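Hi,

Here is the structure I promised to pass on to you. Have a look at the sequence and coordinates below, and then read on for what turned up in them.

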Amino acid sequence: MSDLPKKAKVVVIGAGIVGNSIVYHLAKLGWEDMVLIDKGPLPNPGGSTGHASNFLFLATHAKEFAELTLDSVKLYKELGVYTECGGIEVARTEARMEEFRRLMGSAKKWGVEAYYVTPEEVKELVPFIDEETILGGLYQPGVGVVDSLQAGTLMREYGEEKGVLTSHPNVEVMDIETEDGAIKAVITDKGRIETEYVVIAAGVWSPRLAKMAGATIPLTPQVHQMISVGPIDILAETDGELGYPIVRDMDTFMYERQSGSDMEVGSYAHRAILVHPDDIPSNEEAEMSPTELPFTEDDFEQQFEDSLELMPDILGDETAGIRHAINGLLSLTPDGYPLIGETPEVKKLWSVAAIWIKEGPGTGRLVAEWMTHGEPEIDCHHSDISRFSNYARGEYHSNERTAEAFIKTYGIVHPREQWISNRNVRVSPYYAMQQELGAVFFETAGWERPQWYASNEKLLAEFGDKVMDRPNEWDSRWWSPIINAEHLAMRERVGMVDLTALSIFDIKGKGAADYMQKMAMAQMKVKVGRGVYTPILSYKGGFKSDLTILRMGKDHYRVITGGSDGPRDMKWFSDHLPSDDSVYMVDMTSGLSTIGVWGPKARELMQSLTKTDMSNEAFRYGWWQNLRIDGVEVLAFRISYVGELGWEIYVPMEYALGIGKKIWEAGQAFGIVPVGIGVYGSTGRLEKGYRLMSAELDADYSPVEAGLSRPKVKRADFIGKEGYMQARKEGPTAVLCTLTVEDHTSKSGEKRYLQGGEPILTLDGEIIVDAKGRRSYATSAGDGPSLGKQIILAYLPLAYAKIDEKLYVEYMGESYPVTVRSIDSTPIFDPTNERMK
Amino acid sequence: MEILVCIKRVPVTAAKVTLTADEQAIDAKYLSFAPGPHEECAVEEAVQIIEKHGGKSTALTLGTEDAIEQLRYAASIGIDDLILLETDSDWPPMPTAKAIADAVQEQGQPFDLLLFGNESANTGGYQVGIRVAHALGLPVVTGVKKLEFADGKATAHRQTASGWELYEVPLPAVFTIKEGINVPRYPSIPRKLKAKRKPIQRIVPGKGDVGLEKVRLTVPDVEASDVNILGHGADAAPKVVELLKELGLV
Amino acid sequence: MTILTVIEHDQGVIEPLTFGMLTAARELASDADVPLHAVLIGADVEELADGLGEYGVEAVYLMEDDALEAFAPNAWAACVLTAMDEDEVTAVVGLGSEMSNEIMAHVAARADLPLATNCIAIQPEEDEAWAVTRLRWGGTLHEEAKLYGEPKLLTIFALGIEPEEESVDVEVIDVEPALEEADLMVRVVSRIKPEQTGISLTDAPVVVSGGRGVGSSEGFAILDELAALLNGAVGCSRVVTNNGWRPHSEQIGQTGVRVAPELYIACGISGATQHMSGCSGAKHLLSINKDEQAAIFTKSDTAVVGDLHVVLPAIIAEMKKN
């Protein structure tokens, strides 16, 4: 143990699994002068790693989690701390059995070995289970247990032995100094360390540390209860080894995991118990450890009963006592994803928080790569800490959402499921109007957006069978056939869509044009009045974002991006502003409201409102113009994400309601329908094969593979150009294709409808994997009411990317026939875009 | 055999003790509660005696509603009946003993054995068991680390610096128990569940003379930590031996 | 008015801490300008009386009875009550020990008076209540309290009080203890000598004590070896007894044995208050712990940072080398 250095390249705060992984991977990538500090002792400083149950289940729905877990398993195995014992998730309800069928699809999708097991088979694997209590299970032989403290020690020692790291336990951070918005130094109780980077890997304490630097890490510490029951003879006989698979009793939100001669019984079933980061005791004040708070038995009452029911022989044994019981603290986030990346508030201040044991080493690697190369190998859009808007960085939102989220830890969460807490945070000017129309609101980035309108129910009769109603409850949950009716009405007449949730920011200054050239893949030196859709690439040429940019003037651009993409995109753009103040950025999101008007009658409708010539010749596609509606100047941009003729109308907020009403009233003569995001975000775009960021587009596939490369590459340099050129040269390994589902009928005769995320199989029932190991699955799936079929977007290896190729999609354990309809960006609906003219 | 075991709810202290702002109690924000270690052993002893000799056991505590947690603990070890002498605060020894004795008399003093902890973990008064014994006119042996029964008599062993003292007393009698008499079991899940469903007899006792009135608590000043680190690991051995020589121990 | 003290002895051997108690009680008496008296109880204890004069005891009520041959706490209490009747007593002061606390509790119960045990400061007040400071939590906390009742009953925690001599002539007053059968009902009927395997924990000049960090009962072998080399005894923390690694008789702490050796070597002990109250009387505290921030380091005189299973063998080797 050496004295605390005065200077360092990077100070990593927190010596749990995360901090240790980061220094390990930074060391591997050649970093030097690293300092790892923790306010607790080593090897167990008293954070959540110290009391973790340390088991890793592999099958999960979300891609980022799946990739990070699989990567972590690999690293744990390399370190020699992974003990494979298998794991079984058991179901007590039919709903859970159905969830297992869905999970099996995800397991296939990410390459995780899994088997359905009957109650009798579960009994064979775990003889002390009462098989009468369960309906079946999903067995994953690769599930294992790790020694996370040992893993941390080994990783830390690697850096120390390499001479690039010193570790300092019992050093508490008192302050973090910044200068010009960037990290300057860490002040500890043992001295000041001047440093270029700070990485906060301090789990439940992270919000406190971030606050010292003027940044936010929005997580909420919550209690997870665990008891340890023993001694149990049958477990003692396995001699300290893990003799039985870990059991997750999903419907009671509990797990049972052997630990020596004891059975650890953990629960995610109890009420949400939130603990403020300031209310976590010190090592000295704590009875056990700072993150092992006194067990509150009343919260565990039902769990005693439930665990006893599942394992009566061993847990009902009078001689097996509850030898240890804790309220263990862990970190929960408002949306369930980790908090990774440089904080948007402070440069070179990195957050790596809300990581579980199962993602620890993989996340460490990811962050080390990100810090070194500017981007990680694994795409982590969902986990990027810069994803949050204003309101979501606050404690209130985190507390409200994590309180709601706790029970979802082992819950069955529908992919479209909406949050109940902290709603109505951001509403558009048309909110009251939409309420009157019976809007069913879905939330994105705090915005309330109509997903569909109950007032459109009358359209169901009009379109009859074409609305593709869904008989299955799961398929139709958080969904309505009205969406499809709105879609059809829009395609027949004209629809009005509220797009106020879009994020908008302006780029201005005399360097704006050169700067935009650097940022965007598409040509930015276009005529004033043009609007250009363009990918934004990462350094290596993967997708950072895709968005639309209007050239407003010689030195003025307007960037329009998705509501939830906004904060992340703004950080990316802001990070690359030239240091000479020649370009600046203005967030316009709160200043502008957007209404989309689309459909065959859109032109007539708009022409009835303005004197500006709206004809195809005078107002061309991909151009914008200012025009007046009853004297109020608004910006109209001729574009479409739904494949119809029409405009996005940008209106200053205070005029928005008035303009909106005028369009609505004028639209009555043209049969206008209010259209929800169900159409805009799903059916409309899928029929046109339009890609969606974070679904089709992420860093794992190149623009060439996504079908978004252009015939020519602009001469000017831009971020990711080299990678993009390389990808063009190499050609695609897989390409994004559009498929249609040919038959929805399940074995039981019920029509089933995909939700997105389903694995694509060959006619032999094999999962399709490309040469780079990437598996084919539905990046999006949804209805194409105008085609009368469901549509799937999926990357397929070239061998399968052939028009009319027949394949299968697996949904809830059954295969459905699909056909490849498009192997590039050519839409399968209106391929020549006649309707948009 | 009918056994009464009296327990007290106390916080489980950590390495550092912090007081509440009013200096009336330990700040238990981060702490759990348990009966004192002696009392945990008294509960275990009661259960073991019943297991061996048959009969019925009752646990009693004086305290606030929160102390039900400790009664439930006793039940989860195997105690049959639970009595809460409900007060709004901790009471000093005199009124506590009076309340317990009154309660026992109200039950008609059915107990063959009344077990207490030798002294409470928090207040260390060393007297409630003895006071109750006098109030009920029963013999009392304190500091008991072994208890045996034969012919309606109990033999109690207690440990002193000079060895073991043995006492023989007729029953009914009071014993104050010391840790070490047994190793308390951990409650099993079935017992926990049974304990949850046990009814609790609540009695609101009258408060007699206080006698000893707490004004405030203080944390004694500990001399500033001036520890001399002799060294790290095996390298420190010569310095340790030097110290032993200095102290005249080698 | 007098201050009456209770002399604690075990079969004729005065508990040494009694002299510390007498020193404190004498201060109380001289502050109040009243004489210091004592009550001496037993079958044949007269010869102990003279020595009490060295600690300022002016009168000793000698209560001898053959029935007191075997220790009977309630009979001792009866004797104290008798002595209290002999004089106008301001306060009855006993030693804050297991034995005297017990006797004084009997006195308090029989006289229906409050009792403050383990006092470390006593401030007589003009009004009815005295201000006392007493130990709680085995000394981890102090309680400032008001003690009511007349006379005052209290015991003094004497560990750490240096006995000061102040010779006076002792008047020995023989008093017939009026013992009843009930007073003698609970008495020692027999004694068992401890299995003498070595020096006792309380007598040992060195105590080598192990905590959770020792890891197992086998892990104690190295502590046994060091203790033997130092003519010391082995102790342990509560975790250790709870885990069944060592017998409870070796447990140091609030609910175990309290020791005050020349040197206390704490190995792998974190420093919980439960434990510290049992070893705070040590003249020198050496702790050996892997964790430099362990609470025990702040309470130690010297420390070695390291794994006890590495450090102890090295110390033993070094000792053997010398």
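This is a predicted model: local features need pLDDT of at least 70, side-chain atom pairs count only at pLDDT 80 or more; totals for chains, interfaces and linings use all residues.

C:T2 has C:V89 as its bridge partner in β6(C). On β10(C), the residue standing opposite C:A91 is C:K152. Here five bridges link β6(C) with strand β10 (residues 152-156) of chain C, and these two strands also run parallel.

How enclosed is strand β6 (residues 89-95) of chain C? Six of its seven residues are buried, so the strand is largely enclosed by the rest of the structure. The cut-off behind that reasoning is that a residue counts as buried if 20 or more other C-beta atoms lie within 10 Å of its own.

Stepping back to the whole of chain C, you will find two domains: domain 1 covers residues 2-184, and domain 2 covers residues 206-321. Their C-alpha centres are 35 Å apart. Where they touch, domain 1 of chain C provides six residues and domain 2 of chain C provides six residues. On the domain 1 side of that contact, two residues are nonpolar, four are polar and none is charged.

Next comes the interface between chains C and B. How many residues of each chain take part? The contact brings together 76 residues of chain C and 65 residues of chain B. On the chain C side, helix α4 (residues 98-111) supplies the largest share, with eight residues. Sorted by class, the chain C side has 36 nonpolar, 25 polar and 15 charged residues.

Strand pairing also crosses between these two chains. Strand β13 (residues 228-232) of chain B and strand β17 (residues 302-305) of chain C run parallel and are joined by four bridges. Within β17(C), C:V305 is the residue opposite B:H232.

As for chain B itself, its secondary structure consists of six helices and 13 strands. Along the principal axes, the C-alpha atoms of chain B fill a box of roughly 65 × 45 × 40 Å. Of the 250 residues in chain B, 51% are buried. If you take the contacts in chain B with a separation of 6 or more, 71% of them are between residues 24 or more positions apart.

Finally, chain A. Its division gives domain 1 (7-189 + 220-332) and domain 2 (503-587). The C-alpha centres of these two domains of chain A lie 42 Å apart.

Chain A also has an open sheet of six strands with mixed pairing, in the order β30-β31-β32-β29-β23-β33. Which strands form its edges? They are β30 (624-629) and β33 (672-674) of chain A, each of which pairs on one side only. On average, neighbouring strands of this sheet are turned by 30° against each other, direction ignored.

Happy browsing, and do write back with any questions.

Best wishes

Conventions: Residues are numbered from 1 along each chain as its sequence is written. Chains are lettered from A and ligands numbered from 1 in the order in which they are written. Domain bounds come from an automatic or database domain assignment. Two residues are in contact if their C-beta atoms, placed from the backbone, lie within 7 Å. Ala, Val, Leu, Ile, Met, Phe, Trp, Tyr, Cys and Pro count as nonpolar, Asp, Glu, Lys and Arg as charged, and the others, Gly among them, as polar. Two strands pair if DSSP finds at least two bridges between them. Axes are lines fitted to C-alpha atoms, for helices over the stretch in contact, and angles run from 0 to 180 degrees between N-to-C directions. A residue is buried if 20 or more other C-beta atoms lie within 10 Å of its own, exposed if 12 or fewer, and partly exposed in between; C-beta atoms are placed from the backbone.
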